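These are my notebook entries on a structure that I consulted. I set down what I looked up, entry by entry.

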Amino acid sequence: MSDNEDAVDKTTEELDDLDLNLDKKKKKKAKAPVDGDASTKTEGVWAAPTELGPNDIYPYADILQRVYDAIAEKNPELMGGKKFTMIPPQVAREGSKKTVFVNFKDMCKRMHRTMEHVMSYFNAELGVACSLDPEGKLTFKGRFTPKQIESVVRNYMLSYVQCQMCKSFDSMLVKDSVTRLTFIECNRCQAKKSVSNVEKGFHATNRADRKAAKQAV
């Protein structure tokens with residue numbers, strides 16, 4: 001019996017050694033992914049802006065919100081700005097040879113421009129002498145329709161009121177005392193652009209022009 005017990009103990013020791021040897025065997029390393037392998041490529045996925053990676057896609061709503069947040073931070077007045085509406089000119093006849101711009105003073109006030117500067121523009125564009133009465137009414141020689149007056153006002157606003165950057169009409173006309181140049185300074189985007197002095201441009205057709213055209217034919 002002792003011999004059998006010795007044989008069993010020897011066999012048990014051999015099995016224990018076999019288990020230990022198996023545990024000591026090195027595990028196989030995982031195969032590293034190969035660049036360009038289609039199975040390892042990952043496509044962009046939707047995620048929150050704080051969790052985005054180089055291959056993720058920015059949701060359009062989040063991008064739009066970030067734009068609005070930036071505008072609200074840098075130019076808050078742009079978020080609540082009101083659209084500028086030009087009031088129609090009130091034109092009346094004075095006698096048979098004069099036209100009166102009745103609400104000329106109110107028009108200049110809405111544009112934030114001096115009446116003298118706007119009057120000089122009318123003088124150059126219409127090619128007639130203008131006069132300003134104490135009530136702020138502009139009177140000029142000749143017959144002109146409200147449509148012609150409105151056209152001159154619109155051209156003035158595009159040249160001396162509207163900002164060329166943000167297209168806003170909320171601006172000021174400032175003259176540099178050193179360079180003697182005139183600038184449009186936008187109150188919204190803070191852009192600054194030089195403008196030329198009032199020069200003759202658009203010319204409303206009047207009776208004298210039509211008569212001169214007939215004589216030239």
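Entry one, a strand pairing. I looked up Thr-182 and found that its bridge partner in S7 is Val-195. Strand S6 (residues 182-186) and strand S7 (residues 192-195) run antiparallel and are joined by 4 bridges; two strands pair if DSSP finds at least two bridges between them. Helices (H or I, at least four residues) and strands (E, at least two) are DSSP runs, numbered from the N terminus. The hairpin of S6 and S7 has 5 residues between the strands, and Gln-190 there takes a positive phi near 65 degrees.

Entry two, the basis. I note that the model is predicted: local features need pLDDT of at least 70, side-chain atom pairs count only at pLDDT 80 or more, and totals for chains, interfaces and linings use all residues. Residues are numbered from 1 along each chain as its sequence is written, and side-chain values use heavy atoms, with hydrogens and water left out.

I searched the whole structure and found 8 aromatic pairs (ring centres of Phe, Tyr or Trp, the last by its six-membered ring, within 6.5 Å; stacked under 30 degrees between planes, edge-to-face over 60, the rest tilted). Phe-122 and Phe-140 form a stacked pair, 6.1 Å centre to centre with 10 degrees between the planes. Phe-122 lies in helix H5 and Phe-140 in strand S4, so this pair ties together parts 18 residues apart in sequence. I found both Phe-122 and Phe-140 buried, that is, under 20% relative accessible area, where exposed is over 50% and partly exposed is in between (1.4 Å probe, protein chains only).
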